Amino acid sequence: MVRNIVILGGNSHPILTENICNILGLPVSNRTLSKFSVGETRCEIKDSVRGKDVFIIQSGGGSVNDHLMELCIMISACKMGSAKRVTAVLPLFPYSRQPDLPYNKAGAPLSKPPLEVPKDKYTFESVPATPAPGIDKTPSFNKDTDLSRVMSRTSLVNGNGHGLVNGTSRSNGESSTTNDLPLNPAPAPRPGLTTLHTQSFTTHDLQNPALVSTFQAKPGYKRWVAQAGTLVADLLTCAGADHVVALDLHDPQYQGFFDIPMDNLYGRPLLQRYIQQNIPDFKDAVIVSPDAGGAKRATAIADSLGMEFALIHKERRPTRITDRQNATMMLVGNVANRVCILIDDLVDTANTITRAAKLLRKERATVVYALITHGVFSGDAIQRINLSAIDRIVVTNSVPQDHHRKVCSKLDVLDVSSIFAEAIRRIHHGESISVLFQYD
Ligand SMILES: O=P(O)(O)OC[C@H]1O[C@H](OP(=O)(O)OP(=O)(O)O)[C@H](O)[C@@H]1O
């Protein structure tokens with residue numbers, strides 16, 4: 001029996017809120033969320049929250065900024081209404097994954113609507129392009145003329161805002177020598193902004209055309225990208241959240257950004273079950289992580305199911321293209337004549353998994369599955385997946401999937417409502433939620 005509890009939902013994912021409430025045997029509490037004509041969010045909590053344990057379900061994705069503001073205002077409204085405790089439940093946590101590379105001045109391409117591209121003209125390139133610095137190739141490098149140009153464009157600072165002119169901050173950890181003098185003085189740190197690269201350049205480095213061309217920015221690229229993770233954590237806390245629950249954070253260390261309890265639930269049991277129940281002879285398949293960042297997540301599944309593992313090293317910066325590389329990806333492991341199961345936390349533009357699938361097929365994989373926790377599918381992602389080498393893609397409904405399901409015949413959706421319902425029930429009763437982290 002769940003008592004003294006109020007479940008509210010924002011506008012991001014009403015179906016999930018309803019499903020969670022159905023499992024808990026509770027009604028979705030009444031609220032009004034609308035907008036004033038100026039565009040500001042208007043929130044009215046219509047049920048009493050006085051002395052209650054309040055859970056507010058709001059996911060990322062879609063109109064993510066509006067949803068975040070809605071969530072903050074709802075939390076604040078409940079606190080002002082004397083709620084005993086407010087827990088923010090964010091199935092997809094917004095702003096927890098921010099690229100550390102520059103975006104085009106026009107802003108992130110992810111918010112743009114899908115472009116209609118005739119099938120025969122389709123390429124695997126992201127449309128609009130996936131942001132990455134220095135895509136332009138430098139045909140030849142003239143030390144005298146190009147050096148100053150490069151130096152003026154590569155004004156980099158480290159995470160503390162100090163200049164990266166110190167040899168000790170080189171990526172290989174070597175100190176600079178007299179003939180390897182550091183260049184360009186450190187620009188002053190800008191408040192609220194963090195750095196893009198933690199690599200220093202010396203005269204020696206700049207004589208290497210390959211290295212220099214890597215860091216030549218396209219005109220119109222900005223060199224500074226704010227990382228909003230801490231700000232979002234602080235916003236939720238300042239709004240009055242007492243507890244935060246999320247699913248498969250892109251980076252589990254993000255929990256440390258909070259000074260209130262933060263539970264990071266796992267989608268892994270759902271993905272594992274899908275493999276066991278839907279992939280014939282799954283023990284002979286290979287689990288593949290499409291980038292090094294997700295290797296831990298993927299190896300955990302491979303180990304638990306007693307399967308083999310392969311890794312794709314994804315390099316968003318241009319690298320040399322060899323036979324074993326798919327432009328910016330390199331496979332470590334053998335997948336020839338095997339079924340491959342790509343595991344990742346997030347599919348956004350779908351560049352990563354479609355490129356990974358293409359590489360796996362090139363390496364003679366027979367079937368390619370992609371199992372991903374959060375199916376954001378920004379821009380033309382669905383179109384890209386439809387035309388890709390992926391045979392089956394499986395995501396959870398941490399963000400709404402109804403539309404995606406209609407336009408992507410390769411898509412299967414796993415329901416996460418029972419995970420959240422159980423977490424809410426346990427948090428409310430003060431029970432341990434560690435059982436939710438057990439898989440086998
Ligand atoms: O669908 P896409 O637009 O390609 O984005 C999805 C990829 O982005 C994230 O990793 P990221 O590139 O941020 O690298 P990281 O794991 O090293 O942080 C995520 O883990 C996916 O691999």
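Predicted model: local features only at pLDDT ≥ 70, side-chain atom pairs only at ≥ 80, totals over all residues.

Trainee: How many residues surround the ligand?

Mentor: A residue is near a molecule if one of its heavy atoms lies within 4 Å of it. Here 15 residues surround the ligand. His250, Asp344, Asp345, Thr349 and Thr352 are the closest.

Trainee: Which element gives the most to that shell?

Mentor: Helices (H or I, at least four residues) and strands (E, at least two) are DSSP runs, numbered from the N terminus. E11 gives the most, with four residues.

Trainee: What is a polar contact?

Mentor: A pair of N or O atoms within 3.5 Å. A polar side-chain atom of His250 is 2.7 Å from a ligand oxygen atom. For Arg97, a polar side-chain atom lies 3.2 Å from an oxygen atom of the ligand. Asp348 uses a polar backbone atom, 2.8 Å from a ligand oxygen.

Trainee: And the core: how many residues has the largest one?

Mentor: A nonpolar core joins buried (under 20% relative accessible area, 1.4 Å probe, protein chains only) Ala, Val, Leu, Ile, Met, Phe, Trp, Tyr and Cys residues through side-chain atoms within 4.5 Å. The largest has 41 residues. Helix H11 (residues 417-429) gives the most to this core, with six.

Trainee: Why does this core lie between domain 1 and domain 3?

Mentor: Domain bounds come from an automatic or database domain assignment. Domain 1 (5-96 + 227-266 + 419-437) and domain 3 (268-414) both give residues to the core, so it lies between them.

Note on methods: Residues numbered from 1 in each chain as written. Heavy atoms only, no water. Polar contact = N/O pair within 3.5 Å; in protein donor to acceptor, adjacent residues only side chain to side chain. Buried < 20%, exposed > 50% of the residue type's maximum accessible area, 1.4 Å probe, protein only.
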